[in-house]
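Thanks for coming, everyone. I'll walk through a few local features, and I'll keep it short. Have a look at this first.

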Amino acid sequence: EIAKFGSPDEKATAALFSRATFVPPSVAEYRMRLTIPHMANYPMWYRQLCPVIPQGGRHEPSYLTAAKRISPLLLRLTWEGYPLHHIKDSGWGYLVPAAKWLDEMTADGYQMFWQYNKHGEPIDRRRSYFPQDMAGDLIGDFSPEFLREAGAKFAAFVRSCTTSLHEEQRHGDDVSSESGRGDGGDAGSQLGSPACTINHPVYGPLNFIRLPHKDGPHKNVGSPLSKSFFTKMDDGTLRSVDGSGGAELLRLNSMIAYWRSSRARISKQLVFFLKNDHLPTAVKSDAQYSYMESYGAILPRLIACGTITRRAVEPCWMTVSNAEVNRVGSELKSMIRSPPGYHFVGADVDSEELWISGVLADSHLAREHGCTPIGWMNLQGNKADGTDMHSRTASTIGISRNAAKTFNYARIYGAGKKHATSLLLQFNHHLSQEEAERRAAILYESTKGVRRAKLTARGIRLAKSLDLPVESGNYMSTKHLVDLWRQETEKEGDGEADVVDSEVMYNELSDKKIAARSQYSGGTESHLFNRLQRMIEKPRPTTPALGVIAPKPILKENIQREFVPCRINWIVQSSGVDYLHALLVCMKWLMDKYDIDGRLSLSIHDEVRFLVVDEDRHRAALALHISNLLVRSLFSYQLGMYDLPQSVAFFSQVDIDSCIRKEVDMDCVTPSNPYGMRRGHRVEFGEGVDIHATIERTGGTLRKPAAGDTAQQRE
């Protein structure tokens, strides 16, 4: 109405109000639509945890889970004693004191604040030194005056803690003077990589540092309660402050994580039960058979060749966990039990892919088992003496033997230094990026070796003109090849090459007819990677044992020289699939030939389990030993080696058990199975037999015993 009259002058306003109809407030109250906000008097973070309930009901935070962003704050989580904090664009991190607010502290003061004991372990006492409540006040929306006052109190508190630590060092020997985290300056430079540090001036005396992410220092952590941080909870790096009850909640969260992620896949399994009339005679005639029990089976939804390496894919059983004492539901595999009158007979292939890698290296050098370092370690390496492959890797870069297994398998699958650096940062978050890269370089130089290239006639002339050294056999190291490549690149007008990609460099030198072929030397696995390099350079690479041709997507004609790690991975893992296929074919042949009553029940990559009638279980174990002998002989023969060491000819142990578990003497005690298999389910321990025990029980023959035959007569 005002717009019709133009400017809101007195005449327009009077005309507007003369036509207006006013409603008494008492009537308008009922005509207005009432929208009452959900829990209007509570903060937003709390309202999001409470469901909307009818009027008069009680609001409770029933939506509180580990996935909620508020959960780490409610648990008062700390990272090595420093409180966690979340920033929208930076993810989760922790708050540390900034150097500019502690200017009165010396470099020794910082070192004392980050002291370690004489064993190199963080001192638990200092975790309680950080003032949690003061830090919480500093990250709120407060005035500059308040921040300055709170910051001064905070700095004084940290100085007092540091002074007390100085006193402890004077009167005790529980701290090490060589454990300082740097030489003063910004606290972030002492707590992690500088790339992880983000300074926020609004926090006054605090710096924000990202939590380490498994994919690199520049990635944001979505939740500190995720699976990747479980190991940090176990070793105390990620913990709750004293008195908050968060430690127990962290333990429970870690305990139920496996079941939470696997419950849906387990419940969707296709299960069917047999009627008693359809059960085999061996089941119904057994003394443990009960007419009141139900007997059935699970049909897994399996894709036989679900990956490019022809490995099988199945959402539940291919990734099933072994029983862990602190993991709910991890006894799942042991719940699969054989029916009365039957046993599971199976084995895990001992270091399958490491042995395949070893014979590939041996066949490349001299076609003798154990003639290369990796082949010798597979045959003669001893865990107790520290001479096996995993122990050597652990000692080279200073990690545990279990962690070294991850590095070794990743390397033979084609992973490079970048992946090794990432793994090192995961296992030890105190390492800087530069230190992790240095250790990864040492590891690859001692294992994979130093890469060199064989020069062509043109390359030799160019090297002499540049006065670059040429090694025997016309080989040149990568260090000097970089100079050669840069000179040639600038000469042809391609621009100056500052950043060197080794694969690009070797490919360009090969294209320009300067270098013919590259190879590795000086490492324990150099011959392995030289052999793999030659195999993937063929127009149609094949697996060494069964001659399976590589799929079209990774043929050289389609991807040229790209995706080298993927093609190396295909050779190794697809050879492992060849091993499994050949083992299953041998078992099928022996079981049919010698009338062993059984069938394949389960295969998980390098693990097989057969369901066998009780009276044939030891003959099935002998058949497995013989199948392993035949398969390893096949691999050796196809690689030009016509003998086989006895130490790898047979399985170290064949398991004969009434349920599926990692070891025959595991009781599989878990939080959801507290009484174990013996007390809770009346399942006794199984039997593990090596080749000598198997021969003793079968007489060394697969022939079915005649009625009344003794083991001596069969032998």
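Start with the cysteines. Cys-305 has 47% relative accessibility, so it counts as partly exposed. Cys-316 sits at 7%, so that one is buried. The cut-offs: buried is under 20% relative accessible area, exposed is over 50%, and partly exposed is in between, with a 1.4 Å probe and protein chains only.

How many disulfides does a search of the whole structure find? The count is 0. A disulfide here is a pair of cysteine sulfur atoms within 2.5 Å.

A word on the source. This is a predicted model, where local features need pLDDT of at least 70 and side-chain atom pairs count only at pLDDT 80 or more, while totals for chains, interfaces and linings use all residues. Residues are numbered from 1 along each chain as its sequence is written, and side-chain values use heavy atoms, with hydrogens and water left out.

Back to cysteines, with one more. Cys-668 has a positive phi of about 55°, and it is not a glycine. Most residues other than glycine have a negative phi. Cys-668 lies in the loop between strand E15 (654-657) and helix H26 (676-681). Helices (H or I, at least four residues) and strands (E, at least two) are DSSP runs, numbered from the N terminus. Cys-668 is buried, at a relative accessible area of 5%.

Now Asp-467. Phi is positive here too, near 60°. Asp-467 is in the loop between helix H19 (457-465) and strand E11 (475-477). Is Asp-467 buried or exposed? Its relative accessibility is 69%, so it counts as exposed.

Next, helix H14, residues 373-380. Its buried residues are Ile-374, Gly-375, Met-377 and Leu-379. What covers them includes helices H13 (352-365), H15 (389-397) and H22 (526-536). Contact means heavy atoms within 4.5 Å.

Last, a helix pair. H24 (residues 564-593) and H25 (residues 617-638) pack at about 135°, with axes 9 Å apart. Axes are lines fitted to C-alpha atoms, for helices over the stretch in contact, and angles run from 0 to 180 degrees between N-to-C directions. The two helices are therefore oblique to each other. Under 35 degrees is roughly parallel, over 145 roughly antiparallel, 65 to 115 roughly perpendicular, and the rest oblique.

Which residues meet? On the H24 side, they include Tyr-579, Leu-583 and Trp-589. On the H25 side, Leu-624, Arg-632 and Phe-635 are among them. By class, the contact has 15 nonpolar, 3 polar and 2 charged residues. Nonpolar is Ala, Val, Leu, Ile, Met, Phe, Trp, Tyr, Cys and Pro; charged is Asp, Glu, Lys and Arg; the others, Gly among them, are polar.
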